[in-house]
Amino acid sequence: MINFNGSIVSQDTNVLTHNRAFLYGDGVFETVKIVNNKILFLEDHYFRLMASMRVVRMEIPMNFTMEYFEQQILLTSSENNFGNSSRARITVYRNDGGYYLPQNNTVSFIIHTSVLENRLYFIEKEHYEVDLYKDFYITKQLLSSIKTTNKIINITGSIFADENSLDNCLLLNDSKNVVEALQGNVFMVLGNKLITPPISEGCLNGIMRKQILVLAKKIEGLEVLEEIISPFDLQKADELFVTNVIKGIQPITKYRKKSFVINRATQLLGKLNEMISAS
């Protein structure tokens, strides 16, 4: 028997009592965008998930091929009639058993989907204000670069942003450098330079980050760099924007008293949509 919200009930009534993702954050996940029954950047998502599972020493099932990954996600989306434009999250967690030390490293997964209104990417908010979140810091380590089910910094940061009427916050690492935003990677435009923090600083190895770096390197006259960004650099920037697979590119228009243009963000957004339409 267990106590669930003040009521003594059978342990069988709540499957979370043994779920390791719930109890210990022992899980990794991927969030993908589906357009016209096709997973965008499928290969990148699959290999990042495989790498994440290896990092946390999960056993990868023999049948868990990229084709199987794709099939299961599209099946779930299709069953919900979300094939035209949707998001799907696949969470892989270690199976029940043990405390900090698991009884084995086998896994299960769960997929859920939700509909998206737009197939192509667009600038969702014309005014987008951010500030730094300094209550907690990201550590410069490999675990920070993968998507685990332990996202308490992103949760508390999102609450802070909401309480302060901000659209997002920028996270700092333990060296007090800017690493990423709450829901994506961060890019800075300074003159003819496009700069984003290197993975070694503790930022997420983002799928959209990778796409933007590839697209930006094709723009004549734009120097693309992976360099440390300090909070002081933000005040000198011409542009700031956030990237993730679901929203694409979201320009930051205000940081404290500084306002920004959205020229490069708009240019890259156009090239991103061209790439998706052609694929």
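Guide: A salt bridge is a side-chain nitrogen of Lys or Arg within 4 Å of a carboxyl oxygen of Asp or Glu. The structure discussed here is a predicted model, and it holds 9 salt bridges.

Visitor: Why is the meeting of the side chains of D26 and R20 called a salt bridge?

Guide: The N to O distance between D26 and R20 is 2.8 Å. The limit is 4 Å, so the pair qualifies as a salt bridge. Both D26 and R20 are buried. R20 and D26 also belong, with R94, to a network of salt bridges.

Visitor: What makes the contact of K247 and E124 a salt bridge?

Guide: For K247 and E124 the N to O distance is 3.9 Å. Because the cut-off is within 4 Å, this pair is counted too. The two residues lie 123 residues apart, K247 in the loop between β13 and β14 and E124 in the loop between β6 and β7.

Visitor: Why is K247 called partly exposed?

Guide: The relative accessible area of K247 is 42%. Buried means under 20% and exposed means over 50%, so K247 falls in between and is partly exposed. The value for E124 is 42%, which places E124 in the partly exposed class as well.

Visitor: How do you know that the salt bridge of D131 and R256 ties together parts that are 125 residues apart in sequence?

Guide: The side chains of D131 and R256 meet at 2.8 Å, N to O. D131 lies in strand β7, whereas R256 lies in the loop between β15 and β16, so the bridge joins parts of the chain that are 125 residues apart. R256 has 35% relative accessibility and therefore counts as partly exposed.

Visitor: Why is α2 described as roughly perpendicular to α3?

Guide: Helices α2 and α3 pack at an angle of about 110°, with their axes 10 Å apart. Angles of 65 to 115 degrees count as roughly perpendicular, so the description applies to α2 and α3. L42, E43, H45, Y46 and L49 in α2 meet M66, F69 and E70 in α3. The residues of this contact comprise 5 nonpolar, 1 polar and 2 charged.

Visitor: What makes β4 and β6 edge strands?

Guide: The open sheet has 4 strands in the order β4-β3-β5-β6, with antiparallel pairing. Each of β4 and β6 pairs on one side only, and they are the edge strands.

Visitor: How do you know that β3 and β4 pair?

Guide: Pairing needs at least two bridges. Strands β3 and β4 are joined by 2 bridges, so they meet that requirement, and they run antiparallel.

Methods. Residues are numbered from 1 along each chain as its sequence is written. This is a predicted model: local features need pLDDT of at least 70, side-chain atom pairs count only at pLDDT 80 or more; totals for chains, interfaces and linings use all residues. Side-chain values use heavy atoms; hydrogens and water are left out. Axes are lines fitted to C-alpha atoms, for helices over the stretch in contact, and angles run from 0 to 180 degrees between N-to-C directions. Angles under 35 degrees count as roughly parallel, over 145 as roughly antiparallel, 65 to 115 as roughly perpendicular and the rest as oblique. Contact means heavy atoms within 4.5 Å. Ala, Val, Leu, Ile, Met, Phe, Trp, Tyr, Cys and Pro count as nonpolar, Asp, Glu, Lys and Arg as charged, and the others, Gly among them, as polar. Buried means under 20% relative accessible area, exposed over 50%, partly exposed in between (1.4 Å probe, protein chains only).
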